Amino acid sequence: MEEKTIREKSALKEWIDWAKRGNWSIPGYRIVEAPRGPKLGETTTDRYMIVERPHGVTYQHSLGLVSRFFEGLLGKELWGTRCPNCGTTYCPPRAHCWNPECRVAETEWVRLPLRGEIWTYSVMLFSATAFMEQLPFVLAYVKVDGADTAIPMQVRGIPPEDVYIGMNLDLKFVEEPKGDLMDLYGVPAGKIEPPENAALQRDPESVERLKRDLEGTYEFVMKRFGIDNRVR
Ligand SMILES: [Zn+2]
């Protein structure tokens, strides 16, 4: 049974202005007559009030003492921080050293080269909506040359089944950086040669299984978005 609107004061037309101002409650509602749970042999209805409450929230995050890192991304520069006491170099940056012996000493900014090495990675066959069009993709933790910590980024330009731990990368920026982590990605640098202990490439069965799974994702993205993400 269709629900029947008894009274309505729609919020939808007010949505744009309210969304700009914040997330206050607004006077949109509907009172409807609609089916009450199923009962054998009879259909009853009742009155229900439905409120319209758009959610449009603009979060303001201060990036604080590591702001320079994100500003650097805007200018296609990669910055990390270094502890003046122990020399530990952080990328992503930390404003203070985490080595207990340094007693949270303030770090100093250092420019880092656009080179790194895959520390570990995952092949993503499914994702949140925002990244779905890019599926399947490789999300890696990359140790930038000169840094002691690893930073997450996508690895592009290589079929996911060919990626391995220890792969050298050139780090690139998207054409128009937005000042967030997705501005940075890696592409293979030099010879692609899985090491002897590469768990995936040394096991043909695992490679075949992964390729089969990847194919399912390529087909899903093609059907849903009309995009062919196969790397050739
Ligand atoms: Zn330190």
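The model is predicted, so local features need pLDDT of at least 70 and side-chain atom pairs count only at pLDDT 80 or more, while totals for chains, interfaces and linings use all residues. Residues are numbered from 1 along each chain as its sequence is written, and side-chain values use heavy atoms, with hydrogens and water left out.

## Fold and surface

The protein has 3 helices and 11 strands. Helices (H or I, at least four residues) and strands (E, at least two) are DSSP runs, numbered from the N terminus. From that terminus, the order is β-α-β-β-α-β-β-β-β-β-β-β-β-α.

Buried residues account for 33% of the 232 residues. Buried means under 20% relative accessible area, exposed over 50%, and partly exposed in between (1.4 Å probe, protein chains only). The accessible surface totals about 15200 Å². Carbon and sulfur atoms hold 51% of that surface. Areas come from the Shrake-Rupley method with a 1.4 Å probe; for residues, only the protein chains shown count as cover.

Contact means heavy atoms within 4.5 Å. Among contacts between residues at least 6 apart in sequence, 54% join residues at least 24 apart.

## Nonpolar cores

A nonpolar core is a set of buried Ala, Val, Leu, Ile, Met, Phe, Trp, Tyr and Cys residues joined through side-chain atoms within 4.5 Å. The largest one has 32 residues. Leu-78, Cys-91, Ile-118, Val-144 and Leu-171 have the most contacts inside it. At least two core residues come from each of helix H2 (67-74), strand E7 (115-124), strand E8 (137-144), strand E9 (150-155), strand E10 (168-173) and helix H3 (204-225).

Ile-118 shows how these parts meet. Leaving out residues up to four places away in sequence, Ile-118 touches Ala-140, Tyr-141, Val-155, Val-163, Tyr-164, Ile-165, Gly-166, Met-167 and Leu-169. Another core, of 5 residues, lies apart from the largest one. Its members include Cys-83, Cys-97, Cys-102 and Ala-105.

## Zinc site

Cys-83, Cys-86, Cys-97 and Cys-102 coordinate the zinc ion through their SG atoms, at 2.2 to 2.3 Å. Donors are N, O and S atoms within 2.8 Å of the metal (3.2 Å for Na, K and Ca); water is not among the atoms, so sites may look incomplete.

The site is tetrahedral, with angles of 105 to 117° among its 4 donor atoms. Four donors count as tetrahedral if all angles lie between 85 and 135 degrees. Along the chain, the donor spacing is C-x2-C-x10-C-x4-C. Cys-83 sits in the loop between strand E4 (79-82) and strand E5 (89-90). Cys-102 sits in the loop between E5 and strand E6 (108-111), and the two are 19 residues apart. Both Cys-83 and Cys-102 are buried.

## Salt bridges

A salt bridge is a side-chain nitrogen of Lys or Arg within 4 Å of a carboxyl oxygen of Asp or Glu. By this rule the count is 8. The table gives some of them.

| Asp-46 | Arg-36 | 2.5 Å |

Shared partners join Glu-215, Asp-228, Arg-230 and Arg-232 into one network. Asp-228 is partly exposed at 34% relative accessible area. Arg-230 is also partly exposed, at 26%. Arg-232 is exposed at 78%.

Asp-46 is partly exposed, with 30% relative accessibility. Arg-36 is partly exposed too, with 47%.

Lys-76 is in the loop between H2 and E4. Its relative accessibility is 36%, which counts as partly exposed. Lys-76 and Pro-177 are 101 residues apart in sequence, yet 7.3 Å apart in space, C-alpha to C-alpha. Neighbours within four places aside, Lys-76 contacts Phe-173, Val-174, Glu-175 and Pro-177.

Gln-154 belongs to strand E9. Gln-154 is buried at 5% relative accessibility. Val-187 is 33 residues from Gln-154 in sequence and 8.7 Å from it in space, C-alpha to C-alpha. Not counting residues up to four places away, Gln-154 touches Gln-134, Phe-137, Val-138, Leu-139, Met-182, Leu-184, Tyr-185 and Gly-186.

Methods:
Four donors count as tetrahedral if all angles lie between 85 and 135 degrees; four count as square planar and six as octahedral if opposite donors are over 155 degrees apart and all others between 65 and 115; anything else is irregular.
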